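Subject: A structure for you to look at

Hello,

Here is the structure I promised to pass on. Have a look at it first, and then read on for what turned up.

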Amino acid sequence: MKGKVTVIRKGPITVHSYVAPPDGLEVTTQLIETPKRIIAIDGQYALEYADEVVAYARELGKPIDRLIVTHAHPDHFLGAERFGAPVFALPETIAAIASMDDMTDPSGRRVPVEAVMPTQKVVVGTDLIDGIPFSFEHLRGGETADTLIVALPEHRVLIAQGLVSNRVHLWLADRDFAGWRANIDKLVNRRYDTILPGHGEPTDRSVWNELRDYLDKAEGFADADPETYKAKMVERFPDYGGVALLDLASSRHPHPTR
């Protein structure tokens with residue numbers, strides 16, 4: 001296996017957190033194993049790593065009940081078809097994906113948008129899945145306009161995905177620093193002690209201060225040209241992965257004319 005899996009056991013659930021290698025942008029797929037099934041959250045960028053996740057899930061001996069896509073960035077859903085399960089997302093995320101053209105994964109393999117379209121709408125609120133309460137919450141702003149977070153409140157687990165990266169550079173193409181901080185403020189005092197990121201390995205409550213520090217530094221360099229911005233962020237966070245995310249985000253953020 002090229003990716004890395006971290007396993008966390010919490011009573012009747014087990015979290016299997018798969019992090020792709022750097023060429024897969026260190027995207028994290030969460031596999032929430034309940035007594036009878038697996039709930040997958042985010043479907044990887046490279047098809048090769050989506051296949052690794054699915055192969056790992058099959059070894060657990062339980063069906064993948066559904067794949068939940070948390071937001072409309074291709075690195076979190078290009079591998080959706082490989083899971084062979086119904087794909088769920090917020091209505092806003094479904095609409096955003098529907099507006100996209102066909103794409104390619106990092107290897108250059110074509111991914112038709114219709115093959116990865118979510119077909120089931122996530123309903124905000126709490127739902128019982130295999131007897132486990134799952135809480136679904138819609139956040140606005142930050143990495144993207146609409147983001148889904150999922151919580152397991154009885155087990156103090158927050159599946160933050162698009163809101164959190166753990167020692168991986170943030171996707172700041174929208175430069176929505178205020179929106180990102182507002183979302184952190186909503187969650188920082190909630191009693192989650194296991195926080196699952198969209199990029200990187202599972203973490204804990206210390207990530208909130210790390211995110212705030214990162215956003216402060218990034219905002220200070222935000223008006224620099226892309227090369228300077230990247231150099232400053234790599235210098236300030238030398239042990240962070242996802243350097244390719246800095247280049248990709250800069251290519252989608254028009255630099256102000258000086």
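Which residue stands opposite Leu-31 in β3? That place belongs to His-16.

Before the rest, a word on the basis. This is a predicted model, in which local features need pLDDT of at least 70 and side-chain atom pairs count only at pLDDT 80 or more, while totals for chains, interfaces and linings use all residues. Residues are numbered from 1 along each chain as its sequence is written, and side-chain values use heavy atoms, with hydrogens and water left out.

**Strand β3**

Buried means under 20% relative accessible area, exposed over 50% and partly exposed in between, with a 1.4 Å probe and protein chains only. Thr-28, Gln-30 and Ile-32 point one way, and Thr-29, Leu-31 and Glu-33 the other.

β3 pairs in the antiparallel sense with β2 (residues 13-19) over six bridges and with β4 over four; strands pair if DSSP finds at least two bridges between them. Gln-30 has Ile-41 of β4 as its bridge partner. Four residues lie between β3 and β4 in their hairpin.

**The nonpolar core**

Leu-31 is also among the residues with the most contacts inside the largest nonpolar core, which has 38 residues. Such a core is a set of buried Ala, Val, Leu, Ile, Met, Phe, Trp, Tyr and Cys residues joined through side-chain atoms within 4.5 Å. The largest share, seven residues, comes from α1. A second, separate core of 29 residues includes Phe-177 and Met-233.

**Salt bridges**

The whole structure holds 19 salt bridges, each a side-chain nitrogen of Lys or Arg within 4 Å of a carboxyl oxygen of Asp or Glu. In one of them, Arg-37 meets Asp-65 at 3.2 Å, N to O. This pair links the loop between β3 and β4 to strand β5, across 28 residues. Asp-65 also meets Arg-66, at 2.6 Å. Arg-66 counts as buried at 14% relative accessibility, whereas Arg-37 is partly exposed at 26%.

Another bridge joins Asp-213 and Arg-236 at 2.9 Å. Asp-213 lies in helix α4 and Arg-236 in helix α5, so the pair ties together parts that are 23 residues apart in sequence.

Enjoy exploring!

Best wishes

Technical notes. Helix = DSSP H or I, 4+ residues; strand = E, 2+ residues; numbered from the N terminus.
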